[in-house]
Amino acid sequence: MRLSNRILNMQFSPIRKLAPFAAEARMRGVKVYFLNIGQPDVKTPSAFYDAICNYRPEVLEYGDSQGLQALQESFIEYYKKWGTEYTRNQLFITNGGSEALILAFTVLCDAGDEILSPEPYYTNYNNFAQQADAKIVPFLTKAEDGFHLPSKEVITSSITNRTRAILISNPSNPTGTVYTAGELRMLADIAKEYDLFLISDEVYKEFVYDGLQFTSILSLKDIEDRTILIDSISKRYSACGARIGSVASKNADFNYNIMKLLQARLCAPGVEQIGAAALKDTPDSYFEETKAEYQARRDIIMEGLAKIPGVVCLKPSGAFYVVAKLPVDDAEEFAKFMLAEFSHEGKTLMVAPAGGFYSTPGLGKDEIRMAYCINQEALKDAMNILALGIEAYKAKKGLK
Ligand SMILES: Cc1ncc(COP(=O)(O)O)c(C=O)c1O
């Protein structure tokens with residue numbers, strides 16, 4: 001008996017790959033700061049739970065395939081703030097942003113088709129694309145440029161007759177980069193010129209710092225029929241376990257055809273949709289406080305990194321991640337070293353080696369991604385441990 005090449009060619013998550021080393025460290029009594037995963041520690045608004053507690057239908061039935069009407073309407077209302085009015089036939093509730101991406105790729109791609117994305121990118125895009133027998137084709141962005149987009153010529157040089165879409169995560173996971181209005185404009189022009197869709201994964205759009213103005217794909221009115229917006233309540237409302245997201249488009253063909261997939265998978269989780277619909281009354285102060293907290297943490301990380309000789313990391317403006325180039329030969333080996341061999345006052349940390357966020361072999365070998373989802377005191381301690389760990393690793397390996 002054999003399994004599909006599709007599954008055999010898929011990768012395990014680089015974010016969770018070192019978990020057994022972390023488990024062993026904890027068994028030895030070492031405290032591990034988990035900077036490897038973007039699991040927010042911010043409280044989920046109580047409105048979510050209040051709504052669920054009061055929901056007692058006699059039968060928990062299947063819901064509408066396109067989503068609970070009240071939830072669709074609350075998302076539609078939310079996007080008005082970003083200048084776009086969707087209808088209920090243009091915005092669909094999904095099992096998280098993850099399912100939204102898989103559905104979008106399946107609608108757009110035949111076997112062998114390509115989706116262009118700036119590298120490094122959210123590593124799960126690979127497996128989502130492979131479910132549609134498609135693949136992510138990267139174009140390079142660099143730590144030295146704050147991972148901003150390269151020129152139009154560099155991007156278009158990767159376009160082939162199999163390219164169906166350009167995909168960005170904005171603000172970006174893993175880099176925290178927030179693309180400028182000019183960068184969005186360039187992508188829109190490329191999409192028009194080469195007849196492509198532009199998919200924007202904006203699950204972190206509420207987390208943009210330093211008073212920066214976020215440019216959503218929704219502002220690109222001249223390519224409305226080619227844009228696909230991916231969203232989720234996972235990060236926005238710190239509700240990752242609810243598994244509620246959305247995919248929205250003004251392309252009639254896309255919307256007509258995605259219904260086949262939505263109907264086949266029946267519906268998104270019913271109870272969680274009730275909870276999610278209640279989040280519409282979350283006050284602005286929730287986002288302001290959350291944003292201020294993440295920004296302060298970002299600053300702690302940047303201060304910590306600035307003190308480590310040889311680190312390259314421009315200050316990111318969004319999401320809750322940074323990718324830093326370290327003065328080490330192999331970031332994965334370093335990450336393992338931190339868990340298996342190093343501790344300071346009984347503590348260490350877990351980071352994600354950034355190689356897993358690149359698809360070009362060898363890239364990101366000296367980079368790590370850190371998520372700042374732990375409290376400020378812990379983060380200060382973790383940055384001190386990182387600096388000491390790098391020194392110890394360099395000494396062990398005889399690196400300058
Ligand atoms: C960029 C990006 N897109 C999508 C997702 C998936 O989110 P969800 O929990 O809504 O499936 C994540 C999760 O970390 C993410 O970082």
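The stops below begin at the ligand, pass through aromatic rings and end at a helix.

Bear in mind throughout that this is a predicted model. Select the ligand first, together with the 14 residues around it, of which Gly97, Ser98, Asp201, Tyr204 and Ser232 come nearest. If you display distances here, you will find an oxygen atom of the ligand 2.6 Å from a polar backbone atom of Gly97, and an oxygen atom of the ligand 2.6 Å from an N or O atom in the side chain of Ser98. Tyr204 contributes a polar side-chain atom that lies 2.6 Å from an oxygen atom of the ligand. On its own the ligand has 400 Å² of accessible area, and the protein covers 93% of that.

The structure as a whole holds 19 aromatic pairs. Turn next to Tyr286 and Phe287, whose ring centres are 5.4 Å apart with planes at 80°, so this pair is edge-to-face. Both Tyr286 and Phe287 are buried, and over the ring of Phe287 sits the charged end of Lys81, 5.9 Å from the ring centre. For another charge over a ring, select Arg236, which lies over the face of Tyr78 at 3.9 Å from the ring centre.

Finally, select helix 11, residues 270–277, where Gln273, Ile274, Gly275, Ala276 and Ala277 are buried. What do the buried residues of helix 11 pack against? Their partners are helix 3 (46–53), helix 4 (69–80), strand 2 (91–94) and helix 9 (233–236).

Notes:
Residues are numbered from 1 along each chain as its sequence is written. This is a predicted model: local features need pLDDT of at least 70, side-chain atom pairs count only at pLDDT 80 or more; totals for chains, interfaces and linings use all residues. Side-chain values use heavy atoms; hydrogens and water are left out. Rings of Phe, Tyr and Trp (its six-membered ring) pair if their centres lie within 6.5 Å; planes under 30 degrees apart count as stacked, over 60 as edge-to-face and the rest as tilted. Buried means under 20% relative accessible area, exposed over 50%, partly exposed in between (1.4 Å probe, protein chains only). A charge sits over a ring if NZ of Lys or CZ of Arg is within 6 Å of the ring centre and within 35 degrees of the ring normal. Helices (H or I, at least four residues) and strands (E, at least two) are DSSP runs, numbered from the N terminus. Contact means heavy atoms within 4.5 Å. A residue is near a molecule or strand if one of its heavy atoms lies within 4 Å of it. A polar contact is a pair of N or O atoms within 3.5 Å; within protein, one must be able to donate a hydrogen and the other to accept it, and residues adjacent in sequence count only if both atoms are side-chain atoms. Accessible areas come from the Shrake-Rupley method with a 1.4 Å probe; for residues, only the protein chains shown count as cover.
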